[in-house]
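Subject: Structure handover

Hi,

Here is the structure you asked for. My notes follow below it.

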Amino acid sequence: MQHAPQLRAMPLLLAAAFYTTHSHAEDAADAGADKPMQQVEVTAAHLKSARIDLSPNVGTTIYTIDRHMIDQLGQGDNTPFNEVLLRLPGVSQDSKASGSIHVRDDHANVQYRVNGVQLPESISGFGQSIDTRFVQQTDFITGALPAQFGLRTAGIVDIQTKEGTTKPGGRIGILAGTNNHYEPSAEFFGTQGAFNYYLSGSYLKSDMGIENPLPTRDALHNQTKQAKSFGALSYFLDDQTRLGLMFGTYNGRFQIPNNPDQAPAFSLTGQSDAGAGTTNAPSSQLDQKQREVNRFVVLSLQKSLGDLNYQVSAFHQYSELHYTPDALGDLIYNGVGSNTLRSNSASGAQFDSSYKLNPEHTLRAGLSYARQNTRSDNSVAVFDTNSDGTQASTDPRTIIDNSRQTGKLSSVYLQDEWHIAAPLTLNYGIRYDKVQAFINEQQWSPRVNLAWQVGKDTALHAGYSRYFTPPPQELAAQESINKYAGTTNAPEVGVSDNVRAERTNYFDVGVSHKVNAALTVTADAYYKKIHNMLDEGQFGQALILSPFNYERGFAKGLELSAIYSQAHWGGFLNLTTQQAKAQNIVSGQSLFGADELAYISNHYIHVDHDQTYTVSGGAHYHWGDSQISSDFLYGSGLRTTPDGAAPNSGHLPSYTTVNLALTHHWKQTGAGDIEGRLAVINLFDKSYLLRDGSGVGVGAPQYGTRRSLYAGLSTSF
């Protein structure tokens, strides 16, 4: 991993010493590829550099992950992308049902950009639609962001994908392991004339789809099947113009794991035994399922005209989540059986440009527009209740609760990168965002970032940004809440205000120092003052997140990081301490109990995903064609609500997990270049809780995965 807190020149020198990569493109050059092929490669590199330069990073905090870092992880290319991000400062772990990761104590609010294009937000689920194997390099950008970055601002995951090379080739592999894990994959890439292509695909089958509600090694009813594909196609119209097409698909099926020996809470006609409250539907045999779909396509035109560069893109994304209940069991144990379908279709355009006005000033401007259509279809089986909320009938009835919402997001920005003097650079600008959906809101957001190269080995940065973050569009309207009055799905609080956009004043300051040729250390501190603080929680038996607002909140933290590299070995270490608190829930009130709302209305509480300390680190050693690597993750525990205590006033026990991997390469065999991999995840078989089922907006207990063994084999040709 490579750390770059603000200026890119110094970390790039470090990367050259720490990481070594080899590609078929280099093979072709060494073999004396013909001049047209060399020209295509030069053009591709030039346009890629110009595309990256469209996005300024002055005064921000940047952590970079390249292929070498990914290869050090236990599962290599097969590592889920959210687990790759966990090796970065400021990123803490959560369960899949609660969003998987949190950045700087935000619940979600992470923006994914692929080759310079911001992907629309998909419906939240268990799966990871980003496939690690197509990532060439990821810049993870946090802090006070320049005006180009908006809407989702906790962290920018800026991905540069693999591309075709002058020599056609590919890679085929398989990873197998514990819990019947079976994962074949394939990649193909190359160049034909002015046409450049990269294609990848993978399929996963496992008996450990999401976290286990029990501390056992095996979960009941937890199988998953997931398929992913990705393509990046480019056609060079001339040396300064590229036409690109990107597409990706994700299809995931999940069983919801069962928690045995649960006591029934409701009676159902025809399902009651002689004993009151007993049924013939054991909780160990429930059959709840979830299906997830995500697909996107992006068409881009990139042009370089001397000092002027621009990229214009049109995109479309469709995502869908379908929860299917156990027809009897959900009613017996929850009093509600909800067949829930949520989908989101988004189409729009994005334009980014830069113009080098003179040696001191580079102007950047752009705009984006997205139109989203959200659909929520719910067929909900419920029991009628008495005035005191007790069950009045053992015959369920079905309520049809369907809704639609069209939303529009518009943004425009203008900024100037001003090189005041050799060691000092200022990036300042302004951004305007507008959302029209359940709410109609807008904001002008000033941004200013300063970078100072104090000396050859030391760099400082500081910045201020005003942020505007609209809520996810898939939320429950008041009309839906009213339908459940007098039933087992009626909320304790019957009125909810619409969720609003979050507004933040963000301050960030950091330093990077190169101690010597091998060691670089960084430190970064931030403070966020937040109005209408957004959060999300799991409410009800469907594992779908719902947003709500706190009236006010704050978050603050400190990140320390170090990276050490020598010719044959290296390592990294990250330490984060942070705190996020909020007060007074002002939207989505029907998701909470009355006593809970009353307490939070005049008390600051920790948000449920607040973790005080997070530590990550790793080391690797090369010898010959072999490598051994290890990494670890420590968390001090997410928030919990002890019995009778204030909401989120406690925290779960701390945990540490250690992973180990061994890889070896057999080069130029009859079957191509072969890589073998052995890995142990959670080496010491620690049993630990990510969630215990308590807290504001938290569902069932969720335990981290126990020790898992993997073996992989791949061949490159």
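I'll start with one residue. Tyr310 is partly exposed, with a relative accessible area of 22%. Its partner in an aromatic pair is Phe351. Phe351 is also partly exposed, at 28% relative accessible area. Please keep in mind that this is a predicted model.

**Aromatic pairs**

A search of the whole structure finds 16 aromatic pairs. In the pair of Tyr310 and Phe351, the ring centres are 6.1 Å apart and the planes meet at 40°, so the pair is tilted. Tyr310 sits in strand β15 (residues 308–324). Phe351 sits in strand β16 (residues 336–356).

Tyr621 and Trp623 make a stacked pair. Their centres are 5.9 Å apart, with 20° between the planes. What is the exposure of these two residues? Tyr621 has 41% relative accessibility and counts as partly exposed. Trp623, at 38%, is partly exposed too.

There is also an aromatic cluster, made up of Phe134, Tyr198 and Phe230.

Strand β11 covers residues 195–206, and strand β12 covers residues 224–238. They run antiparallel and are joined by 12 bridges. Within this pairing, Gly201 stands opposite Ser229 of β12.

On to the next strand, β13 (residues 241–255). β12 pairs with β13 in the antiparallel sense, over 14 bridges. Here Gly231 has Phe247 in β13 as its bridge partner. β12 and β13 form a hairpin, with two residues between them. β12 therefore pairs with both β11 and β13.

A general point for reading side chains here: in a regular strand they alternate between the two faces of the sheet.

**Positive phi**

Two residues other than glycine are worth a look in a backbone check. Asn115 has a positive phi, near 50°. Asn115 lies in the loop between β5 (110–114) and β6 (117–118). Is Asn115 buried or exposed? Its relative accessibility is 8%, under the 20% cut-off, so Asn115 counts as buried.

His221 has a positive phi as well, near 60°. His221 is placed in the loop between β11 and β12.

**Gln148**

Gln148 is found in the loop between β7 (135–142) and β8 (155–161). At 4% relative accessibility, Gln148 counts as buried. Which side chain does the side chain of Gln148 meet in a polar contact? It is that of Asp352, at 3.2 Å.

Leaving out residues up to four places away in sequence, Gln148 touches Leu54, Ser55, Pro56, Arg113, Asp352, Tyr413, Gln415 and Arg431.

**Confidence**

The protein chain averages a pLDDT of 87. A score of at least 70 is reached by 90% of the residues.

Where does pLDDT stay under 50? One stretch is residues 1–35. The model has 86 contacts beyond four places in sequence for that stretch. Another is residues 272–278, with eight such contacts.

Best wishes

How values were computed:
Residues are numbered from 1 along each chain as its sequence is written. This is a predicted model: local features need pLDDT of at least 70, side-chain atom pairs count only at pLDDT 80 or more; totals for chains, interfaces and linings use all residues. Side-chain values use heavy atoms; hydrogens and water are left out. Helices (H or I, at least four residues) and strands (E, at least two) are DSSP runs, numbered from the N terminus. Rings of Phe, Tyr and Trp (its six-membered ring) pair if their centres lie within 6.5 Å; planes under 30 degrees apart count as stacked, over 60 as edge-to-face and the rest as tilted. Buried means under 20% relative accessible area, exposed over 50%, partly exposed in between (1.4 Å probe, protein chains only). pLDDT is the predictor's confidence in each residue, from 0 to 100. Contact means heavy atoms within 4.5 Å. A polar contact is a pair of N or O atoms within 3.5 Å; within protein, one must be able to donate a hydrogen and the other to accept it, and residues adjacent in sequence count only if both atoms are side-chain atoms.
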